[in-house]
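Subject: Structure handover and notes

Dear colleague,

I am passing this structure on to you, together with my notes on it. Please open it beside this message and follow along as you read.

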Amino acid sequence: MRTELTKIMDQPNNNNPYEQSDRERRQKQQQELETLRLRQETARLKAAKRQRTFAWLRNTVILLVGALEILLALRLFLRLTLSNPNNTFAGFIFRVSDPFVAPFSTLFISPTNADASRIFDLNVIFAMSIYALLGALALAFLHYLQGRNPYGS
């Protein structure tokens, strides 16, 4: 009985102009609500894409700086342990790391042992610290560019 009554009440009554305007107003409100939800979802998707791009950039900076730090640490270790520079591996490490150490190569006079066979290369340590600081600066700059994210972490 009750369902029949609600069906009758939900049927359009063409004789009552107020009921038609109410129905039109409800439909318009529903369309506006759907439009608002669509805009919100579009904004969320845009924010998620931006966040994903910045995460990729941060990970790339971390990977590149980390690889450079490992390369320079290997160079320092090989210099400290009297490695043979004619060895294929040692020569490769020295050749690949030379461009990164070159700006700092004459900055300090590196201490050696009595027979000057072991070299504690302060220039490599200084280069490692400068590249680490530049990496941190790049990450801070990316964090600044990202700004506040209104839709999550």
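A residue is called buried here when its relative accessible area is under 20%, exposed when over 50%, and partly exposed in between. By that definition, both Phe104 and Tyr131 are buried, and these two residues come up again below. Please keep in mind that this is a predicted model.

Confidence

The mean pLDDT of the chain is 83, and 78% of the residues reach 70 or more. Confidence is lowest in helix α1, residues 2–10, where the mean is 52, and highest in α3, where the mean is 94.

The nonpolar core

The largest nonpolar core has 14 residues, and the members that touch the most others are Leu68, Leu72, Leu78, Val124, Ala127 and Tyr131. Two or more residues of this core are given by each of α2 (17–80), α3 (88–101) and α4 (122–146), and the largest share, five residues, comes from α2. As background, nonpolar side chains tend to be buried together in soluble globular proteins. When residues up to four places away in sequence are not counted, Ala127 touches Leu72, Phe100 and Phe104.

The aromatic residues

How many aromatic pairs does a search of the whole structure find? The search finds three. In one of them, the rings of Phe104 and Phe126 have their centres 5.8 Å apart and their planes at 75°, so this pair is edge-to-face. The pair links distant parts of the chain, since Phe104 belongs to the loop between α3 and α4 while Phe126 belongs to helix α4, 22 residues apart. Phe104 counts as buried because its relative accessibility is 12%, whereas Phe126, at 28% relative accessibility, counts as partly exposed. Phe104 and Tyr131 also form an edge-to-face aromatic pair, with 5.8 Å from centre to centre and 85° between the planes. This pair, too, links distant parts of the chain, with Phe104 in the loop between α3 and α4 and Tyr131 in helix α4, 27 residues apart. Phe100, Phe104, Phe126 and Tyr131 form one aromatic cluster.

Helix α4

Helix α4 has 25 residues and reaches 36 Å from its first C-alpha to its last, which is close to the 36 Å expected at 1.5 Å a residue. At the start of α4, a side-chain oxygen of Asp121 reaches to within 3.3 Å of the backbone nitrogen of Asn123, and after the helix comes Gly147, whose phi is positive, near 70°. The buried residues of α4 are Asn123, Val124, Ala127, Met128, Tyr131, Gly135, Leu142 and Gln146.

Why does Gln146 count as buried? Its relative accessibility is 14%, and the cut-off for buried is under 20%, so Gln146 falls within that class. Not counting residues up to four places away in sequence, Gln146 touches Arg50, Gln51, Phe54 and Arg58.

Helix α3 and the residues before it

The 14 residues of α3 should span 20 Å at 1.5 Å a residue, and the end C-alpha atoms of this helix are 20 Å apart, which agrees. At the start of α3, a side-chain oxygen of Asn87 reaches to within 2.7 Å of the backbone nitrogen of Phe89. Within α3, the residues Ala90, Gly91, Ile93, Phe94, Ser97 and Val101 are buried.

Leu74 lies in helix α2 and counts as partly exposed because its relative accessibility is 30%. Leaving aside neighbours within four places in sequence, Leu74 is in contact with Phe89 and Ile93. The C-alpha atoms of Leu74 and Phe94 are separated by 9.0 Å, although these residues are 20 apart along the chain.

Leu82 is found in the loop between α2 and α3, and it has a positive phi of about 60° although it is not a glycine. At 40% relative accessibility, Leu82 counts as partly exposed.

With best wishes

Key
Residues numbered from 1 in each chain as written. Predicted model: local features only at pLDDT ≥ 70, side-chain atom pairs only at ≥ 80, totals over all residues. Heavy atoms only, no water. Core = buried A, V, L, I, M, F, W, Y, C linked by side-chain atoms within 4.5 Å. Buried < 20%, exposed > 50% of the residue type's maximum accessible area, 1.4 Å probe, protein only. Helix = DSSP H or I, 4+ residues; strand = E, 2+ residues; numbered from the N terminus. Contact = heavy atoms within 4.5 Å. Expected span 1.5 Å × (residues − 1). Polar contact = N/O pair within 3.5 Å; in protein donor to acceptor, adjacent residues only side chain to side chain. pLDDT = per-residue confidence, 0-100. Phe/Tyr/Trp six-rings, centres within 6.5 Å; stacked < 30°, edge-to-face > 60°.
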